[in-house]
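Have the structure open while you read.

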Amino acid sequence: ETIGIPLLAQAVEKMRSGNVNIDPGFDGEFGKVKLFSDSERKRAKAHTPKLFTSEPAAKPKPGSAHKKKETAPPSSMTDPVSSKGNPELPPTPLTEDKGLIEGLNNEQKRAVLSDAARIIIQAGPGTGKTRTLTARAAYLVSENKTRPERILVMTFTHKAAREVEHRIKNQLPDIDSQVVTGTFHGFCLSLLQEFSDHPISIAEETARKALIRQAAALVGNRTGSVIPKPWVKAIDTAISLCKQSLLTPEDAPETQMPDDFKKNISSDRGSEGPGLDHPGKDTFLSVWTCYEEICKQLGLLDFDALIEKTIHMFKTRPDIAQTIQNRFDHILIDEYQDINKGQYVLTRMISETSNLLVIGDPDQSIYGFRGSDKKYFDLFTREHPDAEHYSLRQNYRSTQTILDASFQMITQKNKASGKEAIFSDLKSGRNLIIQETASEKAEAVAVGKAIERYIGGTSFFSMDANRVDAGGGPETDIEFSFSDFAVLYRTKKQCQAFIKAFENHGIPFQTADKENILALKGISEWIGLLRLAANRAGFLEIERLLDFFKAGLGTKGKLAFRQWFLSQDMTSAPDLLTRLEHLDIKGLRPSVQVRISAVAAELKTMITNVGKETLKDTLIELARESGIERLILEHQNSKDTFNRLLVLGDTPGMTLEGLLDRLALDQDPDQMDEGSEKVTLMTMHASKGLEFPVVFITGCEQGFIPYTRNAQEPENIDEERRLFYVAMTRAKQILCLTYAKKRPIFGIEKKQSKSVFLKDIEEKLKQYAKTAPLKKANQPAARQMELFG
């Protein structure tokens with residue numbers, strides 16, 4: 001302090017002792033190293049001598065520019081439940097003192113500091129979208145615009161919601177309440193649980209599919225016919241599409257069906273038969289109605305029903321709708337280009353009297369197959385002509401080469417496309433790596449060898465030495481760890497080749513695939529037992545548990561048992577187990593019935609003690625007492641998943657029902673263990689919102705990228721192009737595009753050709769790699785780059 005630099009002595013001491021706070025970067029922004037927390041800085045400043053004796057003038061309170069437009073509520077919402085006026089807020093440090101806008105570029109600052117009631121931000125990949133969103137929330141609290149709990153931030157994954165929550169806490173460590181963060185579906189579940197007069201439970205994906213099959217079997221029994229498996233899958237897809245469009249079986253969906261409906265359900269009513277590719281509407285509506293009846297009987301809602309039921313609640317209970325409108329002053333929505341009709345209607349309902357900020361990028365709209373439509377992003381400015389529009393174009397994630405290549409691909413090198421290119425200050429001479437391999441297996445092996453060489457520090461990019469040159473010049477050394485790599489693919493089936501190759505090479509990996517993770521040996525049985533204990537078990541869970549306990553059900557026995565099960569009207573797990581204890585089923589051997597009765601008695605004893613211990617202890621005890629623990633411990637992936645779910649179960653306030661709801665609401669990216677040193681294997685869709693130093697996009701072939709079904713034309717070539725754009729812009733430093741000359745398609749080896757999307761990238765941005773054996777260190781490098789060993 002004697003040289004006029006406040007806190008210098010404390011800063012030096014902190015640096016020497018290593019007592020610093022590291023805030024890692026995310027979504028393309030740089031990380032920060034902080035010596036002092038905000039509270040430490042505040043305390044220190046209180047004891048620092050002032051240069052001037054007079055206090056600066058207080059900053060005037062925000063003026064009327066921030067006030068929302070006076071909008072008359074609809075007639076159904078004329079009696080407010082509570083006033084939206086803010087209570088007197090305690091003074092907090094101003095935005096500048098807290099450094100909340102430090103490091104933001106001019107366009108980000110303008111968006112964060114705006115007083116507009118409606119704001120739309122178009123943010124390209126890696127342009128600091130999350131940073132802007134969290135800075136906006138922190139600014140509103142810091143400037144006394146509102147209290148934290150009156151801000152709602154909605155995202156599409158729990159991973160994104162956790163990141164937002166973590167960032168806001170770091171920016172405002174001294175606040176006594178939290179900003180409300182969550183996903184659309186999680187938000188709706190919380191509202192339904194809050195206002196419903198009966199318990200609300202969610203059917204996770206495997207259970208939901210099992211209930212669809214159960215409904216199809218029931219309808220088949222009634223009509224004396226068997227509904228083919230492809231039809232059941234088509235019905236499942238169609239039900240999901242209808243719910244996303246806010247339709248019910250009673251809505252006579254003849255004229256209201258979403259556009260994709262005809263791809264799954266035949267329009268030829270009354271002429272159904274085995275010769276048709278898709279079921280007719282009669283079968284579809286019968287199965288859908290039966291499925292809803294089963295869900296009601298079990299007290300379950302599926303994932304897609306959460307938003308539809310919430311909107312229905314708002315329409316039939318306007319007092320509840322107004323309660324929620326009065327609850328929030330500011331609503332911030334991430335990835336707005338990915339909303340579907342239900343999410344669009346929900347947003348309009350809850351934000352009617354609130355300030356609304358949406359952020360997204362139409363070029364990254366990739367979920368049309370599940371009802372999402374970027375038209376709602378485009379519609380925002382037409383519906384809100386007074387909205388302020390901001391465009392984030394500076395990328396903090398990728399090198400300029402990666403951005404140039406991805407922009408050429410998305411615009412098809414059309415300079416007159418009207419799209420604005422994003423730019424980066426991260427310069428690099430590294431071109432995209434294009435790699436051709438002989439087969440699917442060769443592709444997986446090549447990627448595995450490339451990762452090995454990166455980890456080993458051996459250069460396979462540089463022409464002159466065995467140095468990893470990933471940054472810019474030949475003198476740049478970058479050490480990579482396994483978690484720095486991502487392998488992306490278009491379909492989940494492509495993952496198997498990489499799993500085999502990586503296991504053979506000893507490369508640690510994790511798959512971001514919720515369905516397969518929950519179907520792991522031991523995990524599926526354990527979750528089935530948890531669902532039984534929570535009174536959510538369907539036929540699939542019961543059958544799986546009977547198989548685990550070796551009840552002896554053969555093919556014919558399972559058919560007889562299924563017919564018996566479907567004929568029962570059971571409302572609780574104890575009721576079900578009691579009936580199983582006193583079983584009498586025609587067509588089932590007496591010895592099998594005795595064994596089933598014994599298993600039922602065991603299960604009944606196990607679930608009786610649920611709730612008497614902590615949730616974590618209950619989870620462990622159920623696995624151990626049932627013997628499922630032994631099966632879990634035999635498989636490392638199952639063991640890792642089990643331990644991860646135990647950590648989730650140990651969360652304060654978590655219940656068994658809450659744990660099952662969380663599993664139902666989680667998406668593929670939520671399955672990732674962020675702290676593990678493993679290569680990530682995931683679909684291109686699941687990679688949305690993530691970033692990695694090194695990205696391999698595999699299967700860059702016609703039929704996969706863009707994806708086509710049965711050698712037909714792509715259903716949506718524009719969305720396929722956007723998906724490839726998303727995948728390319730996940731890469732921070734190095735992007736490798738691989739393809740195979742032949743690949744098994746439905747069990748038949750077929751010749752493949754590289755994706756047409758690669759032709760849209762200028763040759764000067766590409767560098768072709770060839771598969772070659774590793775060379776000794778003293779051998780001269782070949783002229784053509786050897787990326788893969």
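## Overall make-up

The protein has 28 helices and 21 strands; helices (H or I, at least four residues) and strands (E, at least two) are DSSP runs, numbered from the N terminus. This is a predicted model, in which local features need pLDDT of at least 70 and side-chain atom pairs count only at pLDDT 80 or more, while totals for chains, interfaces and linings use all residues. Residues are numbered from 1 along each chain as its sequence is written, and side-chain values use heavy atoms, with hydrogens and water left out.

Of the 789 residues in the protein, 53% are buried. Buried means under 20% relative accessible area, exposed means over 50%, and partly exposed is in between (1.4 Å probe, protein chains only). Among contacts between residues at least 6 apart in sequence, 76% join residues at least 24 apart; a contact means heavy atoms within 4.5 Å.

## Confidence

The average pLDDT of the protein is 79, and 77% of the residues score at least 70. pLDDT is the predictor's confidence in each residue, from 0 to 100. Residues 42-92 stay under 50, and the model gives them 58 contacts beyond four places in sequence. The pLDDT is also below 50 over residues 772-789, a stretch with 47 contacts in the model beyond near neighbours in sequence. Where pLDDT is low, the predicted coordinates should not be read in detail.

## Two helix pairs

Two packed helices are described by the angle between their axes and the distance between the axes. Here axes are lines fitted to C-alpha atoms, for helices over the stretch in contact, and angles run from 0 to 180 degrees between N-to-C directions. Angles under 35 degrees count as roughly parallel, over 145 as roughly antiparallel, 65 to 115 as roughly perpendicular and the rest as oblique. A crossing is left-handed if the near helix is turned anticlockwise from the far one by less than a right angle, and right-handed if clockwise.

Take helix 5 (residues 129-142) and helix 6 (residues 158-171): their axes come within 9 Å and cross at roughly 50°. The two are therefore oblique to each other, and helix 5 passes helix 6 in a right-handed crossing. Helix 5 brings T130, R131, L133, T134, A135, A137 and A138 to the contact, and helix 6 brings E163, V164, R167, I168 and Q171. These residues divide into six nonpolar, three polar and three charged, where Ala, Val, Leu, Ile, Met, Phe, Trp, Tyr, Cys and Pro count as nonpolar, Asp, Glu, Lys and Arg as charged, and the others, Gly among them, as polar.

For helix 8 (residues 205-223) and helix 10 (residues 281-298), the axes come within 8 Å and cross at roughly 120°. Helix 8 and helix 10 are therefore oblique to each other, with a right-handed crossing. Residues in this contact include L211, A215 and V219 of helix 8 and V287, C290 and I294 of helix 10. By class, the contact has twelve nonpolar, two polar and three charged residues.

## Buried places

Helix 27 (residues 656-665) is largely enclosed by the rest of the structure, because eight of its ten residues are buried. Among them are D661 and R662, along with L656 and L659.

T683, in strand 16 (residues 679-683), counts as buried at 8% relative accessibility. T683 touches L488, Y489, T491 and K492, leaving aside residues up to four places away in sequence. The C-alpha atoms of T683 and K493 are separated by 9.7 Å, although these residues are 190 apart along the chain. T618, in helix 24 (residues 615-626), is buried too, at 6% relative accessibility.

## Backbone details in loops

Most residues other than glycine have a negative phi, and most peptide bonds are trans. N144 has a positive phi, near 60°. N144 lies in the loop between helix 5 and strand 4 (151-155) and is partly exposed, with a relative accessible area of 34%. E335 also has a positive phi, of about 50°. E335 is found in the loop between strand 8 (330-333) and helix 13 (341-350), and counts as buried at 11% relative accessibility.

The peptide bond from I705 to P706 is cis, with omega near 0°. P706 sits in the loop between strand 17 (692-697) and helix 28 (717-728).
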